[in-house]
Amino acid sequence: MARFVLQRLVFLALVLVGVSLITFAIAHLAPGDPARMMAGPAASGEAVATLRAELGLDLPLWHQYARYLGDLLRFDLGTSNVSGEPVLGEILSRAPASIELMGSALLLSLLVGIPIGIGAAVKRGGWLDRTVSGLSVAGISVPPFWLGLVMVIVFYRQLEWFPASGRFTGDPPPRVTGFLLMDSLLAFDLQALAAAAAHLALPVLSLALLEAGPLARLVRNQMRAVLASDYVRMARASGLPERTILLRHALRNALTPLVTLVAASIAMMLFGSVSLETVFGWPGAGHYVVQSIFALDFPVIMGFAVLTAIAYVLVNTVADVALGLIDPQVRPA
């Protein structure tokens with residue numbers, strides 16, 4: 001297992017080099033001049049040239065990339081061309097909002113997807129089975145931003161149940177962790193907790209619905225395979241209650257592949273939350289990077305891509321290690 005983790009860390013380094021090279025190339029092939037945008041349309045050519053020299057944009061591309069890669073090795077993602085603040089600090093300050101959104105959506109998708117997947121496997125061909133198939137197709141084909149807009153139209157404009165933008169209304173609780181739900185609980189402020197949950201409802205529902213379908217389909221398919229196995233038939237022949245067979249024998253083996261799918265779901269949420277944060281005006285890292293794209297803020301764009309790649313590789317590494325601990329059959333030799 002230690003050798004496997006070491007191999008993954010080496011793979012992480014290779015991924016970071018590849019991601020940094022690709023994002024650097026894409027950012028510099030994008031149309032527009034960041035120095036011109038920062039200086040303003042009324043700035044003279046001399047002022048723009050001076051700013052380009054200060055930003056290092058007048059250097060050859062290979063020199064710019066070498067400087068960027070050297071900064072990455074020192075955990076320096078550069079400085080935002082717009083705010084003048086360190087990119088790492090800007091992204092990390094907004095990370096709790098994104099993590100709260102993705103974590104809540106993942107928890108909700110598990111609470112919905114696992115039970116209906118089990119029910120669909122037990123009642124094969126019933127309405128719940130058809131619902132799982134429909135949710136799975138929708139989760140794969142429906143864009144997150146489109147579902148977010150539908151949520152806004154239905155639950156905000158028509159029903160007026162939930163707010164449609166922002167993370168909080170009024171004065172937020174004292175910042176301790178950066179997670180508003182947690183900070184509200186720590187402050188024993190139920191009114192703030194209700195306000196934070198209301199603002200969280202629509203983006204979480206939008207993200208969770210897209211992930212619940214694939215999760216439910218996996219649980220259904222795995223449960224069907226396990227329920228058809230020899231040891232389950234023997235357990236039934238021995239007279240064990242159906243509830244005991246489902247929960248104690250079948251469910252444990254059926255949920256083993258769920259670890260891998262949860263890791264994949266987190267990776268998908270990293271990208272889906274970017275568009276949803278923009279739709280709902282959610283002040284997370286995804287919304288921040290979209291604004292940086294429109295402003296041609298290359299350091300922020302590249303820094304976000306690198307951090308996302310790190311998170312993706314680390315999540316999959318943790319999932320593989322957890323799967324090896326749960327199921328000895330898949331442990332690396």
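1. The model is predicted, with local features needing pLDDT of at least 70 and side-chain atom pairs pLDDT 80 or more, while totals for chains, interfaces and linings use all residues. Residues are numbered from 1 along each chain as its sequence is written, and side-chain values use heavy atoms, without hydrogens and water.

2. The end C-alpha atoms of H1 are 41 Å apart, which agrees with the 40 Å that its 28 residues should span at 1.5 Å a residue. The expected span is 1.5 Å times one less than the number of residues. Helices are DSSP runs (H or I, at least four residues), numbered from the N terminus.

3. Leu 6 is placed in H1, residues 2-29. Leu 6 counts as exposed (over 50%) because its relative accessibility is 53%.

4. A bend of about 40° occurs at Ala 201, and Pro 203 follows within four residues. The bend is the angle between axes fitted to the seven residues ending at a residue and the seven starting there.

5. The loop between helix H7 (144-158) and helix H8 (180-186) holds Pro 173. Pro 173 counts as buried because its relative accessibility is 9%. Between Pro 173 and Leu 190 the C-alpha distance is 10 Å, at a separation of 17 residues in sequence.

Key. Helices (H or I, at least four residues) and strands (E, at least two) are DSSP runs, numbered from the N terminus. Buried means under 20% relative accessible area, exposed over 50%, partly exposed in between (1.4 Å probe, protein chains only).
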